[in-house]
Amino acid sequence: MKCLFVLLLLHSCGFAADFFVTPEGAGTRDASRAEHAAAGTSISSLFDRMAAGDRLLLGAGNYQGLSLAFTSGGSPGRPKIVEGAPGAIFTSDWSIEKPDKGSTAIVLGPGLSHVVFKNLSISRYCFAIRAAPSKESPRSHLTFENIAIDQVRHGFYLADCDDLAVLHCTTKRYSKHGFRFDQGCDRVALKGCVADCSEGDPVWETKTEVFPFGFILNDGGAPNTGFLLEDCVAKNNIKSNQTVKYTNGDGFVAEGNNSDVRFARCHALRNQDGGFDIKVDHAKFTDCVATGHRRDFRIWRSATLKNCFAGGSQTGLWTQGGPVAVESCTFLAHRKCALEIEDKSTGPVTLTNCLIVSEEQDYTVSIGRFEGAESTVVAKTSAGFGFASPDSKWNGDCKAMDSSKFPDKGFNSARISR
């Protein structure tokens, strides 16, 4: 009682307090100190009783089979914080053999606001973090930092979350989607996040579900708007044993009712269909890399690409929309063509200061409009461009694809903006 009185006194004086939890609890279990930690089963109720600015500190260990609901947040400038120590992990019994069966680790209640979740690990849940549609009471000002998720159906599955930050979070070995924004999410920043569907495991790739995606802005209801993806990676979104005529599996997806979507320094690597499959108007790509796909950049409407690299795929840039402005980009060793413009494309596609390696020097397959190739250099091999170490499956690291012969053209690491 004395410890609880001190905590209440701290609150009355305006000071934030720390609350401690371990999987089994310890001592008096009043959460006042690590040696008196509350049990993991009390996390949700303890969190809702906390005041704005308080921290809930989770000790190391396995929090087995918990499904947590958070409903009462903090206030502007004083978020509630849920922070895990190294080794703190939530686990359940989800299996890819029955991917649609299983529980949810963290449920974000309607209207939840001003909460920071950081340094947590989540494994073997159907949904790791979920926010159901709640148009009348959207969530706001939530931050997820350094969340490690593996073996799930969905990592993040969010609707109606505004002013959201997802920072340095990783989802690996999922059966369906790494990061899914279902509807009504506005002003969202994803920075340094990784979605790796299979980690290159060929057995896992036979068990994933159809349409595996790394990052998806869905069109399930109200549009998602104002998305910035920086330094994010989407790779190995593959289901290798699909029997349909058109197999699918994409790195980054934005469906058509969304708007204001920007990609900076994002990498799409080895996905079954599209590296970037983008249906929104005015999409912006800066310093992005895509290799190892059917189509590296699949642009359905309008877009600008600056200082981007595409290589080692069937097609570099495909579009049936327009206009598409391509500036200072490199296209290397595509099996079909560097640029593919559908007949019904409204166009134009405009190239400025690009480098294209095409054995046939026929880098378009289209009747669509194509303009501005005067400043672009096309060669049958990469030898004449002076690349340090040309590699069509380059992953974006180092300066291997900078052209020493044409430093003012094509992708160049010196132009990457931070």
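Colleague: Hi! Quick one to start: does S32 count as buried or exposed?

Modeller: Hi! This is a predicted model, and in it S32 counts as buried because its relative accessibility is 11%, under the 20% cut-off.

Colleague: Thanks. Where does S32 lie?

Modeller: S32 lies in the loop between β1 (18–22) and β2 (38–39).

Colleague: And what does the side chain of S32 make a polar contact with?

Modeller: With the side chain of D30, at 2.7 Å.

Colleague: Okay, new topic. How many residues has the largest nonpolar core?

Modeller: That core has 87 residues. I129, L190, F276, F285 and F297 are those with the most contacts inside it.

Colleague: Which strand gives the largest share of this core?

Modeller: Strand β9 (residues 113–131), with 8 residues.

Colleague: How many aromatic pairs does the structure hold?

Modeller: The structure holds 23 aromatic pairs. One of them is F47 with F70, an edge-to-face pair with 4.7 Å centre to centre and 85° between the planes.

Colleague: Which parts does that pair tie together?

Modeller: F47 lies in helix α2 (residues 43–49) and F70 in strand β5 (residues 68–70), so the pair ties together parts 23 residues apart in sequence. Both F47 and F70 are buried.

Colleague: Now F127 and Y157: why is that pair edge-to-face?

Modeller: Because the planes of the F127 and Y157 rings are at 85°, and over 60 degrees counts as edge-to-face. Their centres are 5.3 Å apart.

Colleague: Where do F127 and Y157 sit in the chain?

Modeller: F127 is in strand β9 and Y157 in strand β10 (residues 139–159), so this pair links distant parts of the chain, 30 residues apart. F127 is buried, with a relative accessible area of 10%, and Y157 is buried too, at 13%.

Colleague: Last one: which ring faces do R294 and R298 lie over?

Modeller: R294 lies over the face of Y246, at 4.4 Å from the ring centre. R298 lies over the face of W318, at 4.9 Å from the ring centre.

Technical notes
Residues are numbered from 1 along each chain as its sequence is written. This is a predicted model: local features need pLDDT of at least 70, side-chain atom pairs count only at pLDDT 80 or more; totals for chains, interfaces and linings use all residues. Side-chain values use heavy atoms; hydrogens and water are left out. A nonpolar core is a set of buried Ala, Val, Leu, Ile, Met, Phe, Trp, Tyr and Cys residues joined through side-chain atoms within 4.5 Å. Buried means under 20% relative accessible area, exposed over 50%, partly exposed in between (1.4 Å probe, protein chains only). Helices (H or I, at least four residues) and strands (E, at least two) are DSSP runs, numbered from the N terminus. A polar contact is a pair of N or O atoms within 3.5 Å; within protein, one must be able to donate a hydrogen and the other to accept it, and residues adjacent in sequence count only if both atoms are side-chain atoms. Rings of Phe, Tyr and Trp (its six-membered ring) pair if their centres lie within 6.5 Å; planes under 30 degrees apart count as stacked, over 60 as edge-to-face and the rest as tilted. A charge sits over a ring if NZ of Lys or CZ of Arg is within 6 Å of the ring centre and within 35 degrees of the ring normal.
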